[in-house]
Amino acid sequence: MKKIAKLTALTLVAGLASGVAMADENVGIINVQYLYSHHPDRQAAFEKLQQEFKAPAAKLQTQEKQFLAAKEKFAKEVEAKVKALEKAAPKLTQAQMKQRQADIAAFAKKSEGELKGLYERLQSASMAFNAENQQAVVATNQRLLKEIQVATDKVAQEKKYTLVLDEKAAVYAAKGKDLTQDVLHVLESETKANTKAK
C-alpha cells in the first residue's frame, strides 16, 4: 500500500513538473500548405522549370512523331508488298512465289528491328526526361519549403516562440497563436529582396 501511495505521489509530482515546463513553452502554429501554395516565388519557380524543360520536351515529341511515322511507313510498305505479290501471284512460279514471300518476311524482320531500336531510344529518352523533370520539381519544392522554414524560424525568434507546429498537428490553438501571415510577410520581403539583388 505504501508503494502504491509513493508511486502515485511521484507520478503527480512528475505530472505537475511537466505541466510547469509546458507552461513555459510559447507555442505558435502555421499552415504550411497555405504558405507553400501562396509562396511569392512558387509560380515563377515553376514557370522557370517549364521554360527549362520546353526544349527537351519538344525534342521528345519530335522523337515520338518520328517513331510513329516510321511505324506507319513500315505498315504501308508491307501492305504494298503483300498487295503487289497477290496481284502478281497468278503469273509467278511456285519458286518465284516463295522467293517473294521470303523477301517480304526479311523486309518485315529488318523493319521491325529498326522500329524496335527507335522505340527503345524513345523509351530511354522519355525515362531520362521524366527523371530529370521530377528531380528538378523535387529540388524546387525543397527550396520553397526550406525558405518557409527559414522564415518561420525568423518569426518565431522575433516573437519569442519556443515551438511552432503545423496547424494539422495542433488539436487546439488560442487566438493570436497563428503565425502564418507573419511568415508569409517575411517570405514576400525576402523574395522582393532577392529579386532586386538579381
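## Overall layout

Six helices and two strands: the secondary structure here comes to 6 helices and 2 strands. Keep in mind that this is a predicted model. Walk along the sequence and the elements come up in the pattern α-β-α-α-α-α-β-α.

## Contacts and surface

As for burial, 20% of the 198 residues count as buried.

## The annotated stretch, residues 68-95

UniProt has something to say about one part of the chain: an unreviewed entry there carries the annotation "coiled-coil region" for residues 68-95. In the model, that stretch is 82% helix and 0% strand. From end to end, the C-alpha atoms of residues 68-95 are 35 Å apart.

## A look at Ser126

Where does Ser126 sit? Ser126 is found in helix H5, which covers residues 94-158.

Is Ser126 buried or partly exposed? Its relative accessible area is 22%, and since buried means under 20% and exposed means over 50%, Ser126 counts as partly exposed because its value falls in between.

Ser126 also pairs up with a residue from elsewhere in the sequence: Ala57 is 69 residues apart from Ser126 along the chain, yet C-alpha to C-alpha the two are 8.9 Å apart in space.

Conventions. Residues are numbered from 1 along each chain as its sequence is written. This is a predicted model: local features need pLDDT of at least 70, side-chain atom pairs count only at pLDDT 80 or more; totals for chains, interfaces and linings use all residues. Side-chain values use heavy atoms; hydrogens and water are left out. Helices (H or I, at least four residues) and strands (E, at least two) are DSSP runs, numbered from the N terminus. Buried means under 20% relative accessible area, exposed over 50%, partly exposed in between (1.4 Å probe, protein chains only). UniProt positions are given in the numbering used here, feature names are shortened, and annotations may be inferred rather than shown by experiment.
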